[in-house]
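Visitor: Please pick one part of this model and walk me through it up close. I'd like to hear how it sits against its surroundings, cut-offs included.

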Amino acid sequence: MSSTALIITLLALSVIGYHLGRKRAFSFGERSGGVRFLHSRPVYYGLLTALWCAVPALLIFTIWQVFETSIISNIIVSDLPEQIRTLPESRLNLVINDIKNLVSGNIVSGDIKPEIRQAAEHYKNLQSISNGALSVIIITLAVASIFLIWRKINPTLRARNHVEKIFTVFLIACSTFAIFTTIGIVLSVLFEAIRFFKVVPVTEFIFGLDWSPQMAIRADQVGSSGAFGAIPVFTGTLMISGIAMIVAVPLGLMSAIYLSEYANKGFRAVAKPLLEILAGIPTVVYGFFAALTIAPFIRDIGVSMGLDVSSESALAAGLVMGIMIIPFVSSLSDDVINAVPQAMRDGAYALGATPSETIKQVVVPAALPGIVGGVLLAVSRAIGETMIVVMAAGLAANLTANPLQAVTTVTVQIVTLLVGDQEFDSPKTLAAFALGLLLFIVTLILNIIALYVVRKYREQYE
Amino acid sequence: MNKEASDAVRPIDIITKKLHKRYKAEKRFKFYGILAIFLSLSFLLLLFVSIIGNGYSAFLQTYVQLEINFDPAVIDTGNLASVNFPGLVKQTLREKFPQAKSRKEKKQLYSLVSSGSSFQLQRMVEDNPSLIGKTEKIWVPADDDVDMLFKGYIARDVPESDRRLTDFQLQLLDTWEQEGKIKKQFNTTFFTAGDSREPELAGIMGAMSGSLLTLALTLALSFPIGVAAAVYLEEFAPRNRWIDIVEVNINNLAAVPSIVFGLLGLAVFINFFNLPRSTPVVGGLVLTIMTLPVIIIASRASLQSVPPSIREAALGVGASKMQMVFHHVIPLAMPGMLTGTIIGMARALGETAPLLMIGMVAFIVDIPSSFTDPATALPVQIFLWADSPERAFVERTSAAIIVLLAFLIVMNSLAVILRNRFERRW
């Protein structure tokens, strides 16, 4: 039975269970003179039966699915002839892949040896046995639990409390997702990064001036040995984010000030959503826009002024990233500016200040912590932004301060190192995880500071 | 009488003079504000103009008319797969233009018509075997260079060596055009085909169904989990250190760069759980993790806006806490939760970077039909096409962006409508 059919059967069974449980509750109710003599409403008896039918079976199903492939693979490997079993791990994996491809009817590399074909047959056999066993176990379990709960139903069964307990467990489980995700992120990048730092010392990675991660895969290959000094990558990231902030902070802040202090209601109602469209446009669109329109435009201007402008200049990527970040800065600043109490403005007006003086000397200083928090969040976004720089910035790691040259960023390097074929024990691939770890840590620190500052500020005026 | 006093500057003059300056500064400041908004909005306009200007022409495609003789001698009905349909097209072209004599000229002639035309003929014969033996006038797609020429992207007046089409090809095309055998019509291929190396045969259907499958999984997982987490944190959770940690984590995850989620997906789902690469399953899981914080934060805000009186009333008539939440609070908070979910889905639809990490960037021609088929997604398709050197892919990339933006606009309008219609202010 395919897994979809199995799930559908299981759902159908639990619906049946629901009806059986409810009906039994009703029949008890009738016998004792009305449903009000039951402990819970009949719905809860039905739900209890349905939940007991579906939940354990689904759990077994999930666990089975997770471990099925690896267990079958292990059985297959242990049955392979001696000379294949003792192959190095990478070769063995290729053989297992061949077997799996043969099973699913895909194209297999090279010609098929009889023992491989035999193993594939064996694999298919095991798979169908496993499938059959799973179906039998799950359906038996589901039916048995329906029967057991159905037997247990009586007017004193505290069905509602049971159901609510199950629900509470589910709610708690869902709320821990964030913890598990964070742990997952940290562990997944940390382990690979540690493996990387065993090959390349941390100091070389953080202080090295030369980044060229291409390295020879085989010992006899001609190629560079790979250099993993990340300084050029960091400076590139900083330069592009810096350009983005130079664009976004003045534009975003001035827009926010105008919208919250000067604009009338009608203008605000039109301009604010329009500005927020900028935040809703996918970054891949900005990347294409940067590469297609802005970069050639900047190059043409540069050439007409006699400058040497790269077609993947940091300026183009930074400019477009800045445009993307404008709405973040403006909506966050808008919030904090609006939170400044009107009494402070009135006080300034009463002393004879013009609106602009009030804003510059009273409102903005009062809102400054919040604005700084918003800008920090925007910086963390700029550092982590990927698609714009992948499409519009360069790949080569230049250590330069000239914004007209091509530079590369952390995210570009992660993408180029990990997209395409890769092996998981080369420092080249692991370097991506080291960069990812760094990116995560830096954005995490920025976010924590920003969130703390913003929260603190909000409390101040509440 | 007192000379010194009349010469002394009166305070009022200083103030007037300064006032003038201050009013000027005021005007300048106001102008900067308007300028900032104007600049931001003009960037938005420039973006839309540049994308639409580049992309609208991709919705039309140049077709040429061929008079194909479905020669029974060539077409063997027993084995259609082995019939030389490309040869049939070439023969038709040779008969049409006998002036192409040399090998080079013939090659140039053949390249005017898309290589997909032979598949079109094959499909026609498969669907309608009675065609065999007849001569039919058939519109087949032109090659992308021809398409670009008729859309005005290839200049005719540059030297031959700088042009994708030779003088000989231009001459043939002019004859064809005079006979009225070249036309532009709506490009259905773009909406029904999967990816292709040939721009005239490439479409977004594969990417769209990939996106649809991925988003379906994302929605199915992130909505229930997100709502459940929000309900627990808002209604049931005790105020303690543990819950504080959970909340800080959620807020942080909302601001973690999306590429980091891609790394997580690569390390956990693909390397650890051995899920198949490039598939909507992994894409959906990664996007679920990415959108969950958005949904949780929106749902919590929505739950907070339900007034306590509702809760007290429900508890007052004897509802249990769970009944109060599920029967009264959640239904009232639902519009806000749905709005947050739609916005989260719109973000997930436009997300590219994490999908690159889990290998959804492969060149995939087939249209995916299940969660474990290799697939791309719409934004990834845009990324892939943006890298292609052919001029015709520029307009197709822009057209795909137009489609993507259209989807996003629909989703966001839906969210706004939902908010305006159903959200109650207490």
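Guide: Let's take chain B, where the centres of domain 1 and domain 3, taken over C-alpha atoms, are separated by 43 Å. Before going on: this is a predicted model, where local features need pLDDT of at least 70 and side-chain atom pairs count only at pLDDT 80 or more, while totals for chains, interfaces and linings use all residues. Residues are numbered from 1 along each chain as its sequence is written, and chains are lettered from A and ligands numbered from 1 in the order in which they are written.

Chain B splits into domain 1 (3–56), domain 2 (59–200) and domain 3 (205–422), with bounds from an automatic or database domain assignment. Four residues of domain 1 of chain B are in contact with six of domain 3 of chain B (contact: C-beta atoms, placed from the backbone, within 7 Å). On the domain 1 side, that's two nonpolar, two polar and no charged residues. Here Ala, Val, Leu, Ile, Met, Phe, Trp, Tyr, Cys and Pro count as nonpolar, Asp, Glu, Lys and Arg as charged, and the others, Gly among them, as polar.

Now for the contact between the chains: chain B brings 67 residues and chain A brings 70. On chain B's side, helix H2 (residues 11–55) gives the most, 19 residues (helices are DSSP runs of H or I, at least four residues, and strands are E runs of at least two, numbered from the N terminus). That side of chain B divides into 49 nonpolar, 15 polar and three charged residues.

Zoom in on helix H10 (residues 241–253) of chain B: its 13 residues reach 18 Å from first C-alpha to last, close to the 18 Å expected at 1.5 Å a residue (1.5 Å times one less than the number of residues). Val246(B), Ile250(B) and Leu253(B) are its buried residues, buried meaning 20 or more other C-beta atoms within 10 Å of a residue's own, exposed 12 or fewer, and partly exposed in between, with C-beta atoms placed from the backbone. They cover an arc of only 70° around the axis, so they sit on the same side of H10(B); the arc is that of the directions from the helix axis to the C-beta atoms. An α-helix has 3.6 residues a turn, so residues three or four places apart point the same way. Arg241(B) and Asp244(B), on the other side of H10(B), are exposed. And the cover over the buried residues of H10(B) includes H6 (159–175) and H7 (177–199) of chain A, plus H9 (205–236) and H12 (280–304) of chain B.

Note on methods
Contact = placed C-beta atoms within 7 Å.
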